[in-house]
Amino acid sequence: MLKIGFSTGALYKSLSNDISRVGILRRMGYPIIELGFMRLGDLTNQNINDLPRNILLDFSYRSFHAPVYGYQNDATTKYIFSKIAGLHAKLPLDLVVFHPDPVVDFGVFEDLPFRVGFENMDNRKNSCQTPAELEAILAGSENFSLVLDLNHAYSNDPSMKLAAEFYKRLGPRIAQIHLSGYNGHHGSLFQTRQANIIRSIQDPTVPIIIESVVGPADLRKETFYIVWQIVMNGLR
């Protein structure tokens, strides 16, 4: 069964806070969600304990995008982990997503109470873009998974052969998909018409989190375009 939803970050231009973003995604019936807290300030300036637990429990799958930071054995890392662990204790998270490129010490991710996912990086970064690099990171623990970001893969290789290589080498470790169009950032696919990004998905049963930056009025348009391309790809 197709599991598809949005990151709250997809609505950052149109809705000012996560409570309103969660609310509209729930009202529109999306079964899965990712809570986007990519900046450290998002975690410190907002009280994640204020997130509507009763509403979030209506989602069958919940992931959390942690701040981009140089994780290591320091006070900031411990603070971030404690905040996420506290939320996880009250509202179980299926996956917590991290950018691996700034990480100083991957050892700090071992023995955490929540499942950890590392995503492949885009062409603006100097590392963590290839299957070999992510394979080496995931070898550190069975608790580590891959979040396959197809926008990032496209930025490095528009043919999407890179995405196919991720599936070949790490398919069983892929716990979640990040999906959006590529226009230099996270464009909407119904506008960019980059069907090959969507059709690179080999296992549509893995949760798909849409990161396309859209307004509430375009949520359905983006979803329908993506689902249609997945269905058509399966019929080929």
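Me: Why is Asp 42 called buried?
Reply: In this predicted model, Asp 42 has a relative accessible area of 13%. Buried means under 20%, so Asp 42 gets that label.

Me: And what makes Arg 39 exposed?
Reply: Its relative accessible area is 59%. The cut-off for exposed is over 50%, so Arg 39 qualifies.

Me: How do you know that Arg 39 forms a salt bridge with Asp 42?
Reply: Happy to show you! The closest N and O atoms of Arg 39 and Asp 42 are 3.1 Å apart. A salt bridge needs such atoms within 4 Å, so the pair counts.

Me: What makes Glu 135 and Arg 169 a salt bridge?
Reply: The N to O distance between their side chains is 2.5 Å, and the limit is 4 Å, so this pair passes too. The pair links distant parts of the chain, with Glu 135 in helix H5 and Arg 169 in helix H7, 34 residues apart.

Me: Why is Glu 135 called partly exposed?
Reply: Glu 135 has 31% relative accessibility.

Me: Why does Glu 222 have no salt bridge?
Reply: Good one to check! The nearest side chain of opposite charge, Arg 193, is 8.5 Å away. A salt bridge requires a distance within 4 Å, so Glu 222 is left without one, although this residue is buried. Glu 222 sits in helix H10 and touches residues including Phe 6, Leu 189 and Ile 210.

Note on methods
Residues are numbered from 1 along each chain as its sequence is written. This is a predicted model: local features need pLDDT of at least 70, side-chain atom pairs count only at pLDDT 80 or more; totals for chains, interfaces and linings use all residues. Side-chain values use heavy atoms; hydrogens and water are left out. Helices (H or I, at least four residues) and strands (E, at least two) are DSSP runs, numbered from the N terminus. Buried means under 20% relative accessible area, exposed over 50%, partly exposed in between (1.4 Å probe, protein chains only). Lys and Arg count as positive and Asp and Glu as negative; His and the chain ends are not counted. Contact means heavy atoms within 4.5 Å. Lists of a residue's contacts leave out its neighbours within four places in sequence.
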